[in-house]
Amino acid sequence: MENKKHIAILGSTGSIGTQALDVIKKNDRLFKVSVLTANNNADLLIQQALEFEPDTVVIANQNLYPKVKEALKDTYIKVFAGEESIEDVVTFSEIDIVLVALVGFSGLKPTISAIKAKKVIALANKETLVVAGELITKLAEENQVPILPVDSEHSAIFQCLQGELLNPVKRILLTASGGAFRGRKKEELLNIKPQDALKNPNWNMGKKVTIDSATLMNKGLEVIEAHWLFGVKPQNITPVVHPQSIIHSMVEFEDGSIKAQMGKADMRIPILYAFSYPERIKMPELAMDIFSIGNLTFEKPDTEVFPCLNLAFNAIEKGGNLPAIMNAANEIAVQKFLEEKIAFLQIPEIIAEAMNSFAFIPKPTLEDYFSTDSEVRNKLNALY
């Protein structure tokens, strides 16, 4: 790498965004921050802007624009506000890579804008492919834009597939930590509080992703994402509970061999790989002592206690706008649980009911995805 890669980080104040900035800080001869965006965390956005000196920042919450603008008035940093501004800034000519680290459905429109502007996509927002995978992958192919996965599992699969272009894949083995409640019975989950579900055993993640991990919906979303990223049929994607989170996923080939990618449970590893691909960059603190690992174990997921995984398989097998219905219902249910308005076990119940009750569209347009998402959110917000 001779020239610095200029990077736009969408969602810089979240878990992925802050870890991406750490990667850039420790490799500042290779990477430069061009754009930072945040939703509501104006204080951290200001702090990041003053430290990394991007060309542009965007605060999605327009009410916070005066605060950010005032704090950065003595810099050359351009300040914008609103979600449409996020769609606009990803098209700036100096940007090489757009890291989409926004939470949920909000990542879809900026990703589309970035692809149309022919930017390399480092995708940490699985919901974009869950909702509109067919549209996004087709658009990326038409614009000859690579989508580099940042989720640890999909990065692992991507790494395992390097050099295997001519070798047919039998199946993908998608690993999961099992979340906060691995091994629990359903009756043990009756009185779960948000603070209990937010205790992931291995990973440091945002609240929404951590709850998804506890329900196993996160793995369901990743099954759908893997289907679109790697062109593997859902029935050839097998979730595997791997409590140690050392193997981040595996690929099994037709000859019976299995390739696995291993490493620390540290999101900076897949972030760095996406930023530096096809090269690998040295970061000594990410090295793993293989002699300290101990035993590696694997289990089948308990889909009776955690039915969200089967809901995701049902959604991708039927297709159409059903994954969009599922995703919107999940986002609302998770938020209501975090607000303690519903119980933990109601999350899959609400999702299943939504999947059975909202209108199914076999061949949705982009407008259909947005109208479906809006309809589901409005109805569920009114109910709960």
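Q: What method and what probe give the accessible areas?
A: Accessible areas come from the Shrake-Rupley method with a 1.4 Å probe, and for residues only the protein chains shown count as cover. In this predicted model, the accessible surface of the protein chain comes to about 17400 Å². Carbon and sulfur atoms hold 49% of that surface.

Q: What should I know about the model before going on?
A: It is a predicted model: local features need pLDDT of at least 70, side-chain atom pairs count only at pLDDT 80 or more, and totals for chains, interfaces and linings use all residues. Residues are numbered from 1 along each chain as its sequence is written, and side-chain values use heavy atoms, with hydrogens and water left out.

Q: How many helices and strands are in the protein chain?
A: Helices (H or I, at least four residues) and strands (E, at least two) are DSSP runs, numbered from the N terminus. The protein chain has 15 helices and 11 strands. Its radius of gyration is 20 Å, close to the 21 Å that the globule rule gives for 384 residues, so the chain is as compact as a globular protein of that length. That radius is taken over C-alpha atoms, and the rule is 2.2 Å times the number of residues to the power 0.38. The C-alpha atoms fill a box of roughly 55 × 50 × 40 Å along the principal axes.

Q: What percentage of the residues in the protein chain are buried?
A: Buried means under 20% relative accessible area, exposed over 50%, and partly exposed in between (1.4 Å probe, protein chains only). Of the 384 residues here, 54% are buried.

Q: How many residues of helix H11 are buried?
A: Eight of the nine residues of H11 (residues 268-276) are buried, so this helix is largely enclosed by the rest of the structure. Among them are Arg268, Ile271, Tyr273 and Phe275.

Q: Which residues is Asn327 in contact with, beyond its neighbours within four places in sequence?
A: Contact means heavy atoms within 4.5 Å. Asn327 touches Phe105, Glu127, Val130, Val131 and Leu221. Asn327 sits in helix H13 (residues 322-338). Its relative accessibility is 0%, so Asn327 counts as buried. Across the protein chain, take the contacts with a separation of 6 or more: residues 24 or more positions apart account for 68% of these.

Q: How do I read charged side chains?
A: Side chains of opposite charge can pair when their charged atoms come close. A salt bridge is a side-chain nitrogen of Lys or Arg within 4 Å of a carboxyl oxygen of Asp or Glu. By this rule the count is 19 salt bridges.

Q: Which side chains does Lys219 meet in salt bridges?
A: One is Glu153, at 3.0 Å from N to O. This pair links distant parts of the chain, with Lys219 in helix H10 (residues 217-230) and Glu153 in helix H7 (residues 152-160), 66 residues apart. Both Lys219 and Glu153 are buried. Another is Glu222, at 2.5 Å from N to O. Lys219 and Glu222 both lie in H10, three residues apart, about one turn of the helix. Lys219 has a relative accessible area of 6%, and Glu222 has 1%.

Q: Where do Arg182 and Glu299 lie?
A: Arg182 forms a salt bridge with Glu299, with the closest N and O atoms 2.6 Å apart. Arg182 lies in the loop between strand E8 (169-176) and helix H8 (194-197), and Glu299 in the loop between H11 and helix H12 (308-318), so the pair ties together parts that are 117 residues apart in sequence. Arg182 is partly exposed at 40%, and Glu299 is partly exposed at 31%.
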